[in-house]
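Please look over the model shown here before reading the notes.

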Amino acid sequence: MSYAHPEYLVDTEWVANHLNDATVRIIESDEDPLLYPMGHIPGAVQVDWFSTLQHPVRRDFVTKEQFAEMCSKLGIANDTTVVFYGDKSNWFACYALWLFEYYGHKNVKIMNGGRAKWEQEKRPLVRETPSYARTAYSAKDADKSIRAFRDEVLVHSNAKKALVDVRSPKEYSGEMLHMPNYPQEGATRGGHIPAAVSIPWSQAVNEADATFKTTEELVALYEGKNITADGEVIAYCRIGERSSLTWFVLKYLLGYPNVKNYDGSWTEWGNLVDAPIEK
Amino acid sequence: MSLPPKLQEIVDDFAGMSREEKIETLIGYAESLPTLPERFAEERAKMEPIPECMTPVFLFGEKQDDGGVIFHFDIPPQSPTVQGLACILASGLNGSKPAEILAVPADFFAPMNLEEAISGQRLNGFRGVLAHMKQTAVNLMNGK
């Protein structure tokens with residue numbers, strides 16, 4: 001059984017064959033910002049989830065205008081096919097893809113397996129940063145249908161609709177407030193949003209080469225926890241990056257029509273006065 | 001109290017660098033982080049990996065005859081930023097006495113202005129590794 005929208009995935013071989021394709025822009029989006037300057041796919045440009053994609057002042061993403069400016073600078077036109085890849089099983093690649101969709105960019109894809117698979121296959125990595133001719137990019141209004149905000153998450157939770165907590169089991173149970181060594185990214189309270197089920201993001205990818213699991217495995221994983229295609233689904237994690245991977249899996253690999261990423265995630269919910277929490 | 005001289009030197013170096021130089025220098029540190037000496041392999045195998053998805057940092061301290069502490073790290077190459085930050089700490093603090101290590105302020109790196117090169121949130125790892133090093137120094141001081 002193939003994925004619901006296989007056109008959202010390409011493999012490393014496809015990317016290797018499109019390195020000089022002017023209609024394609026390859027974007028590396030990593031958790032670790034030094035990986036790109038140390039070596040990236042020839043011709044790939046970099047976005048950084050914090051310095052490039054986040055608003056410089058508010059806790060939000062770049063504005064529509066800032067997004068358009070970023071695309072112009074990276075030589076991305078409205079009809080460019082954009083392929084994302086990155087470290088950590090493509091967490092931040094999915095995060096960047098989600099933001100591109102948020103501002104209406106069509107034709108986005110994930111390179112299955114990300115950096116890990118490209119490296120395993122001993123494909124070339126270069127240090128030169130390419131530069132592309134500036135484009136005139138016009139971003140669309142934000143597509144709120146893929147992004148959940150706290151008020152609707154509360155309504156969703158109260159209605160016991162499908163809510164997926166993709167953090168590690170100890171973060172879900174409230175035993176751990178934040179990842180070790182990342183104290184400032186924590187929250188003042190531990191636990192999870194009431195009605196959320198725990199399906200750690202990592203269960204959707206193969207550990208060996210960071211590729212996504214098969215349709216059959218993914219169906220068993222999510223339907224087994226009652227996360228089904230017929231309702232609205234909201235996914236969250238700690239800052240919204242791991243859950244954008246789950247969002248990608250549910251929306252494009254399994255074809256669920258109504259999936260949102262709650263990017264406020266636990267660092268908002270666990271600090272929110274009066275928000276209900278289950279442990 | 002002032003920083004150990006080697007650490008102070010690194011802080012001063014970074015303070016005068018451009019963003020590009022900071023990135024290049026961090027890469028240099030990441031690439032020069034020594035691999036974990038073989039004699040720690042057994043201990044390393046017994047240690048619990050950090051039960052999380054971000055970078056697992058393994059840290060070992062050794063007390064020298066003069067009371068100074070030498071730190072060794074095991075950090076995967078997929079996390080060069082953490083490798084680089086750990087290598088800065090090891091380069092700046094190896095050989096220092098536990099009391100000197102404990103006296104390093106948690107925000108000692110502020111003048112390095114690393115936010116230009118890597119996001120401020122990633123610098124939390126810097127604080128985390130330093131906190132681990134201090135704990136290790138205390139343990140060595142107490143003979144653990």
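Predicted model: local features only at pLDDT ≥ 70, side-chain atom pairs only at ≥ 80, totals over all residues.

1. Residues are numbered from 1 along each chain as its sequence is written, and chains are lettered from A, with ligands numbered from 1, in the order in which they are written.

2. Chain A splits into domain 1 (6-142) and domain 2 (145-269); the bounds come from an automatic or database domain assignment. Taken over C-alpha atoms, the centres of these two domains of chain A are 23 Å apart. Their contact takes 19 residues from domain 1 of chain A and 15 residues from domain 2 of chain A (contact: C-beta atoms, placed from the backbone, within 7 Å).

3. On the domain 1 side of that contact, α4 (91-102) and α5 (114-120) of chain A are the elements giving two or more residues (helices are DSSP runs of H or I, at least four residues, numbered from the N terminus). The largest share, 8 residues, is from α4(A).

4. The largest nonpolar core has 75 residues, and A:Phe84, A:Ala96 and A:Leu97 have the most contacts inside it. Such a core is a set of buried Ala, Val, Leu, Ile, Met, Phe, Trp, Tyr and Cys residues joined through C-beta atoms within 7 Å (buried: 20 or more other C-beta atoms within 10 Å of the residue's own, all placed from the backbone). α4(A) gives the most to this core, with 11 residues.

5. A second, separate core of 37 residues includes A:Leu35, B:Ala86, B:Leu114 and B:Val129.

Definitions and conventions:
Contact = placed C-beta atoms within 7 Å. Buried ≥ 20, exposed ≤ 12 C-beta atoms within 10 Å, placed from the backbone.
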